[in-house]
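User: I am new to this structure and would like to learn how to read its features one at a time. Could you take me through them slowly?

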Amino acid sequence: HIGPAQDLVTGLNAPLHNVEDHHEMKMPSLRRDCRALVVFACCWFSLPETAASAVASLTGARGTTNRLAPVRNTVTNARETVSGPVSLLQASFSVSRGAGGDASGHVDADIASDAGMKKDGEVGIGPPPPSIVLTLPAALAALIVLGFVTTICVLLWQWFFKLDQAGVCCGKKSVDDLEFSKTLGVFARCVVEARWAVLVLAVATSAVAAFGAPGIFGSIETEFSPTPGMESYKARLRFEELFPGTVRAADFFALVEVPPPAQVLDVPGLREFSFELRRQLNSSHNLASFVSNATLWFESGVPSGSLLLGNQGSTTLFYWRIAEGATSPAALQFADEAVEAFRWLLKRVPGISFGGVAGASIATKAAVDAGERDLIKCDSIAIVLAMAVLGRIVGSWRLLLVPVLSLVLLVPLSVGILYCIAHVEEVIVTTPSIMLSTLIAMSIDYSLFLVTRFGEEIRRPSDHIELTEAHVQEAIVKTVQTSGFMIVISGFILTTSFLMLTVFPVSLVSSLGLGCGMSLMLTIWMHLTFVPALLAAFPLWFVRGVAEASEEEEEVAVDHRASGNSQAPTLSGTERSSSHKAQWEWLAELVTTWPWNAGFVLATLGVTLGMGLAVPRLATTNDFALATPRGTQAAAAYGHLSAAFGPGYVNAFHLMMESRPGETVLSRSFWVTSQEIVRGIIAGLPETDRDGFDVQLFNYIGGSEVPWYLVAPCTNVTNKLSSCKQLLSAMGMVTNEANTATWGYIRPGFDPMGPRGRELLPRLRKLTDDWSARTGVRVTIGGGPAVLQDTITLVYDLFPRIIGATMCIVLVLLMVAFGSVLFALRSILSASLTLIFVYGLAIRVYQDGIFDRLSLPNLSGEHGALVWAAPVICFNIVVGLCVDYDIFLFMRATEFRMRKMGATSAVRRALCSTGSIITAAGLVMATAFGGLLFSSVLQVAVLAFFIVVAVLYDTFVVRCVFTPAIMSFFGRYNWWPSALSQGGVNG
């Protein structure tokens, strides 16, 4: 894919706006990082010509063109007092201007003269420092790849000779004759031999990646890009063609309120506040537009109606726009500066009861900050609690160091690689938190599997034999052959489930799948290399840890026997007699004995299907409030803005009309026809959608049509009135250069991002298509809500196919890995039960509000629907986790079955030896994600709810009760058609 690298480099050389002083000509880091990665990729794939061109583009000088330099209209100083619809029209244009028209936007003509706007040519882009070619992301990527490649080379060099000694490479045996577990054993011997090299490379690679970890939140995005083929994608292309800059812009809405019935425009000092706010904002960043009701009222001498006034005049709105993407780093930095300036200036105005700033950039910045806090707070608590659970299982602080050190290396390594990925792919703000929670849980689970098995292998010969380093190394090899095999199979299936999320053409879903899949592959690699190498590097020291755990078990067993209970099971190794082991044996016998097994199966099916009756009622939403962290200034400002002006004010549909051939948008025929179209659209909507419905076009404002006779005199080019110049200047903001198209807003009385917006969008499109065919005026619906609603529709159209594909892939992988059709089918069935239960419970919690009495905001049915992404994302995660636990249980049953044990006895022994480990793993996973249940971002909390409920239900009910019970019915046919299903000892 490096073929078009030259085009990419050329495109990245486009002039950029920079807010730094023009004397410090610094290249924005994001674009520079992208170019550096292109250079690195070209060099890596041996494309010298393209690489040389890319380097030249990095170091070559560029001009000082400023794409954001505003094109201002000359306005005479004389002003006339104009009343009636014309002043209302000017107010509307002031709100809309900068959103369309020229890419750079325009500053309001009536306020540009005394605003202190920056002059053209002040800001430019100079050449970057020539010494910087590979920046941090590219350098980190190169060093990380170097570390992994070196590790692989060392292990392959060892592996070659080990396989040669086994007779594989020299033709004495075929690779097919060598079982995969034996191959893992050969690999483990290689790791043991090269243990110090593996440890050094693992530590060095993680240390290098740690340099990128702090910058991850500065590289993430939250903006949706429409998928090619969608109606909103076609609309965006048309908008960009006719109105460059309309799509890529950040809008800010600030509210000022006074206690009713006071009038906010009567507040002393509001005029000075408005001008000073505009001056400070423009000094921070070139404004494309700024308007407020206060400035319009004081400057023109007449009010502009209810357009920027709410709550019977007790609330007014300030609006400004910058020509940057709403979630770009520049917009997020400006959001902080804007909020700080607004708050500081508002302290000077007396009598104000509330003031706040809302907008997509404000909400995004708040979400990023909340994500950082959640990442530090929730994951720190989760690690401590998970380690407490793990320490209770392993029983030794020495062995507890294995998962601790694994996490110490994995966390910076994963975050550092994600930081590099974020510079070439979109990474959404929720990805780091979910990825790290998954990483913590799976790393601890895999460490638990390895450590417990290592203890069994150490204790297996006899506790009275003095162990040597050779014995410990053989125990490590056996551990990798058994638990390592389970980690490879389950990890591969879980990684496949995560990577299936990348099929969705939505960055929120695909980036999460990519991040979790990447972190899980690193986890598998770390536990197949670093953990065995660590155990081999300090063998006797870790053996003392196993001895400590054994002594603790013996003390428990002695206390248990002293209490008079003689029903301890006769198990070996870690299964020696103790109270909880006796309980597991009692449970294993109970759930596999008739008629209790039938009762448990029927009870599990009944509870699951009963909860699943709610699944057909699944409803989803993406209300803007869901993405805004609870309890923040951004959430409060959005709440006040929605109450005063309606939920659709911040996120509105875009409406564009194109004139017929031979006419312009300033012609009388188009003026009348466009108003007729607006009337027809409103009349064609159901009564429920008309309530609060508002269309803002250049000739239709606040529910009123602007008569043509008021505008006709100003269309005469010889008219010199300043009011006409202002009017035409304002109209230029919402019309294209050729005057063949105009655009405005559609603001419904509800949140267009929610479920009602999803129903409204196809109605609007059908109405606009009908009117386009009837009048010949092309009408297009676009904007952020249209992109989001089309995305949700596309995702849920693909969702059934992803479900089928994931289940088929998992089914085939399980059959190939274990040679059992029945096990694969049963594993899919048990995972389906967990999915049905968790989906049904989530619907009852977030739609029906069964927990509303608890007054827990993250378990509330306030929105009456689920976050749209949660069911999609959690499906693949839950399937992978369920199969992971099932593999662990079935592998241990298979191991006992290979020892000629009966089928039912093998299942019982497997449950006894793995039951506590599976439940501990479930508790670790629930603890890792449980911290996110308290996140201030409801989207993250809902995702955590799905995963926590799923792992608890699966590990405590499905895996420990339902699975052994149903396996007891099939007996040896659980392994059909493998050799283990052929006769043998009957269980």
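**Reading salt bridges, helices and surface**

Analyst: We can begin with charged pairs: a salt bridge is a side-chain nitrogen of Lys or Arg within 4 Å of a carboxyl oxygen of Asp or Glu, and by this rule the count comes to 26 salt bridges. This is a predicted model, in which local features need pLDDT of at least 70 and side-chain atom pairs count only at pLDDT 80 or more, while totals for chains, interfaces and linings use all residues. Residues are numbered from 1 along each chain as its sequence is written, and side-chain values use heavy atoms, with hydrogens and water left out.

User: What is the general idea behind such a pair, and which residue forms a salt bridge with Arg756?

Analyst: In general, side chains of opposite charge can pair when their charged atoms come close. Here Arg756 pairs with Asp689, and their closest N and O atoms are 3.6 Å apart. This pair links distant parts of the chain, since Arg756 belongs to helix H25 (residues 755-775) and Asp689 to helix H22 (residues 687-690), 67 residues apart. Helices here are DSSP runs of H or I with at least four residues, strands are runs of E with at least two, and both are numbered from the N terminus.

User: How should I read accessibility, and is Asp689 buried or exposed?

Analyst: Buried means under 20% relative accessible area, exposed means over 50%, and partly exposed lies in between, with a 1.4 Å probe and protein chains only. Asp689 counts as buried at 3% relative accessibility, whereas Arg756 counts as partly exposed at 38%. Another salt bridge joins Glu663 and Arg660, with the closest N and O atoms 2.8 Å apart; Glu663 is buried at 14%, and Arg660 is partly exposed at 22%.

User: How many residues apart are Lys766 and Asp770 in helix H25?

Analyst: They are 4 residues apart in helix H25, which means that about one helical turn separates Lys766 from Asp770. The two form a salt bridge whose closest N and O atoms are 3.3 Å apart, and Lys766 is exposed at 55% relative accessibility, while Asp770 is partly exposed at 34%. Elsewhere, salt bridges that share partners join Arg453, Glu456, Glu457, Arg892, Glu895 and Arg899 into one network.

User: Which residues does Thr496 touch, leaving out those up to four places away in sequence?

Analyst: Contact means heavy atoms within 4.5 Å, and Thr496, which lies in helix H15 (residues 469-499), touches Ile809 and Leu813 when residues up to four places away in sequence are not counted. The side chain of Thr496 also reaches the backbone oxygen of Phe492 at 2.7 Å, and Thr496 is buried, with a relative accessible area of 18%.

User: Which residues make the nonpolar surface patch of about 600 Å²?

Analyst: Patches are made of residues with over 30% relative accessible area and no salt bridge, where like charges are joined within 9 Å and nonpolar side chains (Val, Leu, Ile, Met, Phe, Trp, Tyr) within 5 Å. This patch is made by Trp594, Phe969, Phe970, Tyr973 and Trp976. Trp976 lies in the segment after helix H30 (938-970) and is partly exposed, with a relative accessible area of 43%.

User: How many helices and strands does the chain have?

Analyst: The chain has 30 helices and 13 strands, and buried residues make up 59% of its 987 residues.

Technical notes:
A polar contact is a pair of N or O atoms within 3.5 Å; within protein, one must be able to donate a hydrogen and the other to accept it, and residues adjacent in sequence count only if both atoms are side-chain atoms. Accessible areas come from the Shrake-Rupley method with a 1.4 Å probe; for residues, only the protein chains shown count as cover.
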